[in-house]
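Let's take a friendly walk through this model together. We will follow its charged pairs and then look at one helix.

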Amino acid sequence: MIVFIIHHSIKVNMHDGMNILVAYDGSIHADNALIEAVKIGGKFYAHIDVLYCSWDESEQNDLTLLKTRENFLENSGVSYTLRCEPHEHVWKTIVDVADREMSGLIVMGTRGMGTAKSMVMGSVSRKVIENSLCPVLTVK
């Protein structure tokens, strides 16, 4: 199920060459979000930024997680970047990167990995929706 959430009644203005930010954590919801972002990106010649917000100091482990999706991205034919960002608050990092990169859309899963992280990620998607300047697509 895909849930479109456009906050502040912003009309989604999809255009060629836009940036799509995908918040990725390795969960099934994040995988589904990545699949949807690639579908959208392919139709609008968008660049996909896949962002992992690092929970710990080990960026190498985070890059390893992101690289597990590299074959899928390469085979999709979309332009993409894999990136890790340290965070104090995951939602703020996602919103800040989207603003800094002038993303036209944020795509993210509704829930994250694990039971403790799952509760946190549910609130992350809510906070991103409330604070983002661009439209947010949440995916189950």
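Predicted model: local features only at pLDDT ≥ 70, side-chain atom pairs only at ≥ 80, totals over all residues.

Residues are numbered from 1 along each chain as its sequence is written, and side-chain values use heavy atoms, with hydrogens and water left out.

Let's begin with the charges. Side chains of opposite charge can pair when their charged atoms come close. Here a salt bridge means a side-chain nitrogen of Lys or Arg within 4 Å of a carboxyl oxygen of Asp or Glu, and the structure holds 8 of these salt bridges.

One of them joins arginine 69 to aspartate 31, with the closest N and O atoms 2.8 Å apart. This pair links distant parts of the chain, 38 residues apart: aspartate 31 sits in helix H1 (residues 28-44), and arginine 69 in the loop between helix H2 (59-67) and helix H3 (70-76). Helices (H or I, at least four residues) and strands (E, at least two) are DSSP runs, numbered from the N terminus. How accessible are the two partners? Buried means under 20% relative accessible area, exposed means over 50%, and partly exposed is in between (1.4 Å probe, protein chains only). Aspartate 31 counts as buried because its relative accessibility is 15%, whereas arginine 69, at 24%, counts as partly exposed.

Now turn to glutamate 85. Its side chain meets that of arginine 83 in a salt bridge (3.2 Å, N to O), and both of these residues are buried. Glutamate 85 also forms a salt bridge with arginine 100, at 3.5 Å from N to O. A network of salt bridges links Arg83, Glu85, Arg100 and Glu101.

Helix H4 deserves a look of its own. The buried residues of H4 are Val90, Thr93, Ile94, Val95, Val97 and Ala98. Threonine 93 counts as buried because its relative accessibility is 10%. Leaving aside neighbours within four places in sequence, threonine 93 is in contact (heavy atoms within 4.5 Å) with Leu51, Cys53, Glu85, Pro86, His87 and Glu88. After H4 comes methionine 102, whose phi is positive, near 55°.
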